[in-house]
Amino acid sequence: MTLRVYNTLSAAKEEFVPLVPGKVRMYVCGVTVYDFSHIGHARANVVFDVIYRYLRYLGYDVTYVRNYTDIDDKIINRANRDGVPFHEISERFIREFDHDMVQLGLQLPTIQPKATEHIPEIIALVQALIERGVAYQAGGDVYFCVEKFDGYLKLSGRNLEEMQAGARIEVDERKRHPMDFALWKEAKPGEPFWVSPWGNGRPGWHIECSAMSMKYLGESFDIHGGGKDLIFPHHENEIAQSEAATGKPFVKYWLHNGFVNINAEKMSKSLGNFFTIREVLDKYDSEVLRFFLLSAHYRSPLDFSDQNLTEAESGMERIYKALAGSAEFAGGDEIPTDLDPQSLTDAERELLAKNAAFQERFREAMDDDFNTALAVGHVFDLVRSVNRVLAESGRERREAAALLAAAGGNIADTGSVLGIFTSEPAAYLERIKARKTAELAISVEEIEGLIAERGTARKAKDFKRSDEIRDYLLARNIVLLDGPQGTTWQVK
RNA sequence: GGCGGCGUAGCCAAGUGGUAAGGCAGAGGUCUGCAAAACCUUUAUUCAGCGGUUCAAAUCCGCUCGCCGCCUCCA
């Protein structure tokens, strides 16, 4: 089995072969830290977190770099608005971003560089571009000369003429070509600046990623990722700057994730139709959100809605209930390690077969351009078999215990790559219940009091009163479950 | 205007040449005092529409319709 990835550069799925065997160097464009991150940022970061995890699962030694853009017009604007120095804004929202990523269960990238801490590297790169004759100074600005780079627009598959025809931006008189972009921007009065050969100024948006990625990963590396909206101009310009400076291919595989939509429209700051990560985590468990984000292929658009999140929550509950049920089989008598299919029930044989095939099915799904949606489908398929054994085999069947433990292990392995199913099943279910209970208009004391009363009524075969209580609670979103160990309750 | 993507059941969603995964919701059954949960069965002769290529197409080609994205900052 080999990993195949969709490469934006070739517009096709390609076999993944790292430049250095056994090692993967990957760079993902992080956020501009001027405000809270929204669900779109969550998706991009979760997607690349899963890619990072899967590459390591495959045994690669992965160096993962994700930057913070901590100097930029939007940060300066916000700082002016709030009347504070720009770094107060960027430092604050770096902390907030980090907090959100922890909440989402992301593993830390190997390196998280900041643009402002790499000004010397940026200046050196700009200087190299000027020396090579592909960049020029205009006043205190420095521009990249797009006509000097043959491969310009090879990533987005456009051409300069078309781009200009639809251009919506006013052309700066000082540019030699309307599409030339800034490598270095002169500081206006009152703006933060760094001293450079071209006067006081700050880096353009694109150059930081070229400088930092090449510093940590070398002039050529394996994977560069980000949202689809970064293909043009950001990544296009990164290619131009980097390859013009080094004369070497910059990145082998370009990976881009699709957007999160609201009512089929892209979630974005400018449309104002966004939800921040913390808003959503206030309402849904972080595993539910991750699960939702991974329920579609990473390149597809994904529609964010309460209904879809609620469905994801139901799905997660189904999986955790199966895991919780399996856990009850653990312990007790010794679990056999060698199973004779002859001694198994139909349901157990089915689970034996699903367990045996599981890892390969999971890898096949993930090898196909990180198809997490298919992988999740396989998990549900396994869960159905688990539930069947749970429903049919008694706890005295130690063969069943062995099979359920193996299934639990398979789901945990998947979860370690997807970053879900990582909680103790009982703890997860309690967590969800507590979250739902907090929204109820009825107290736990009242619920439990009524359940006790109903228990007495049931013992006395007073089913009228018993059903009355159940209906009363059901009307308040409380579902009762009568079991051999008594009655438990859930929030609908 | 240019370039690109998408359209699969009530909803979400895999599937890019070999005869439609999975989830949610629904229906029937088992279980239950009755329920719930779980299990079993069931729910697209069909993949926006129309043509074409092929022994064979949701999958390839063409056209039409609809939706979205990029071309300005954006994950």
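Predicted model: local features only at pLDDT ≥ 70, side-chain atom pairs only at ≥ 80, totals over all residues.

Visitor: What kinds of residues make up the contact of H10 with H12?
Guide: On the H10 side you'll find, among others, Gly315, Arg318 and Ile319, and they meet a set in H12 that includes Val379, Phe380 and Arg384. Sorted by type, the residues of this contact come out as seven nonpolar, four polar and two charged.

Visitor: Is Leu153 buried or exposed?
Guide: Leu153 sits in the loop between strand S6 (141-144) and helix H5 (160-165). Its phi is near 80°, a positive value in a residue other than glycine. Buried means under 20% relative accessible area, and Leu153 has 2%, so the word for it is buried.

Visitor: And Asn477, is that one buried, exposed or partly exposed?
Guide: Asn477 isn't a glycine either, yet it has a positive phi of about 70°. You'll find Asn477 in the loop between helix H16 (463-474) and strand S14 (478-483). Its relative accessible area is 37%, so Asn477 is partly exposed.

Visitor: Which residue does Arg290 meet in a salt bridge?
Guide: Side chains of opposite charge can pair when their charged atoms come close. For Arg290, the N to O distance in the salt bridge is 2.7 Å. The pair links distant parts of the chain, 241 residues apart, with Arg290 in helix H9 and its partner in helix H1. Arg290 counts as buried at 1% relative accessibility, and so does its partner at 0%: Asp49.

Visitor: How far apart along helix H12 are Glu392 and Arg388?
Guide: These two form a salt bridge, with their closest N and O atoms 3.5 Å apart. Along helix H12 they're separated by about one helical turn, because they are apart by four residues.

Visitor: Where do Asp467 and Arg470 both lie?
Guide: Their side chains meet in a salt bridge, at 3.7 Å from N to O. Asp467 is partly exposed at 30%, and Arg470 is partly exposed at 33%. They are three residues apart, about one turn, and both lie in helix H16.

Methods: Residues numbered from 1 in each chain as written. Chains lettered and ligands numbered in written order. Heavy atoms only, no water. Contact = heavy atoms within 4.5 Å. Helix = DSSP H or I, 4+ residues; strand = E, 2+ residues; numbered from the N terminus. Nonpolar A, V, L, I, M, F, W, Y, C, P; charged D, E, K, R; others polar. Buried < 20%, exposed > 50% of the residue type's maximum accessible area, 1.4 Å probe, protein only. Salt bridge = Lys/Arg side-chain N within 4 Å of Asp/Glu carboxyl O.
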